[in-house]
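Open the model in your viewer and keep the sequence panel beside it. The stops below say what to select and what is there.

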Amino acid sequence: MHDSSNCPICRGLPVDGSMSDQAFEAFLESCLAELADKQARFNQRIAGESRWAYDLADCSLTVGTQRFRMTPVGTHSPQQQTWLWAWANEDYPAIAREASRQIQALFTVTGFRVFIEPGTDADRFDAQDFTAMAVHQLDAIGFYRLPSAGPTLFLAVHGDE
């Protein structure tokens, strides 16, 4: 679990209070920069792999021959321009929803209700922002976006299983 008291990004941020827009923008920019670094390393690990599978029942992602723990973050519907947090998706197994519930702690950090509401209007940039903050909160090593004809599922990827 994320320890905000020892985190260089979160240290000094209000707890159980609302961030100013300026503080939130700085937090988001830090999370996006952190994700870019993490994602570059993760992409190197899975470079050249075209086969992938995921299992929400055991919260795992397999890319090529590498198996990772994962936490579902949420789904973005490009057609509807909406976001649904994974913890609110009743179609997912209870274990996946419960793992995803850790993301709600971002409400405590930011004071923004979007982290405790089941869903919201969102474009693809919002989906990227939500994923960056979730990867930060979950101490993940990167993310994986599952291509789909419908909503796109975003996963926070953790270390090897």
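**Salt bridges**

Select Arg 67 and Asp 58: they form a salt bridge, with the closest N and O atoms 2.6 Å apart. The term means a side-chain nitrogen of Lys or Arg within 4 Å of a carboxyl oxygen of Asp or Glu. Arg 67 is partly exposed at a relative accessible area of 36%, and Asp 58 is partly exposed at 33%. Buried stands for under 20% relative accessible area, exposed for over 50%, and partly exposed for in between (1.4 Å probe, protein chains only).

This is a predicted model, in which local features need pLDDT of at least 70 and side-chain atom pairs count only at pLDDT 80 or more, while totals for chains, interfaces and linings use all residues. Residues are numbered from 1 along each chain as its sequence is written, and side-chain values use heavy atoms, with hydrogens and water left out.

How many salt bridges does a search of the whole structure find? The search finds 4. Next, select Lys 38 and Glu 34, whose side chains meet in another salt bridge (3.5 Å, N to O). Both lie in helix α1 (residues 21-46), 4 residues apart, so about one helical turn separates them. Lys 38 is buried, at 12% relative accessible area.

Then select Arg 113 and Glu 117, where the side chains form a salt bridge at 2.9 Å, N to O. Glu 117 is partly exposed, at 31% relative accessibility.

**Helix α4**

Select residues 124-137, which make up helix α4. Its 14 residues should span 20 Å at 1.5 Å a residue, and the end C-alpha atoms are 20 Å apart, which agrees. The expected span is 1.5 Å times one less than the number of residues.

Is α4 largely enclosed or open? 10 of its 14 residues are buried, so the rest of the structure largely encloses α4. Among the buried residues are Phe 130, Met 133, Val 135 and His 136.

Now step to the helix ends. Asp 123 caps the N-terminal end of α4, with a side-chain oxygen 2.9 Å from the backbone nitrogen of Phe 125. Just after α4, select Asp 139, which takes a positive phi of about 55°.

**The whole chain**

Zoom out and colour by secondary structure. The chain has 4 helices and 7 strands; helices (H or I, at least four residues) and strands (E, at least two) are DSSP runs, numbered from the N terminus. From that terminus the elements run α-β-β-β-β-α-α-β-α-β-β. Of the chain's 161 residues, 45% count as buried.

Notes. A polar contact is a pair of N or O atoms within 3.5 Å; within protein, one must be able to donate a hydrogen and the other to accept it, and residues adjacent in sequence count only if both atoms are side-chain atoms.
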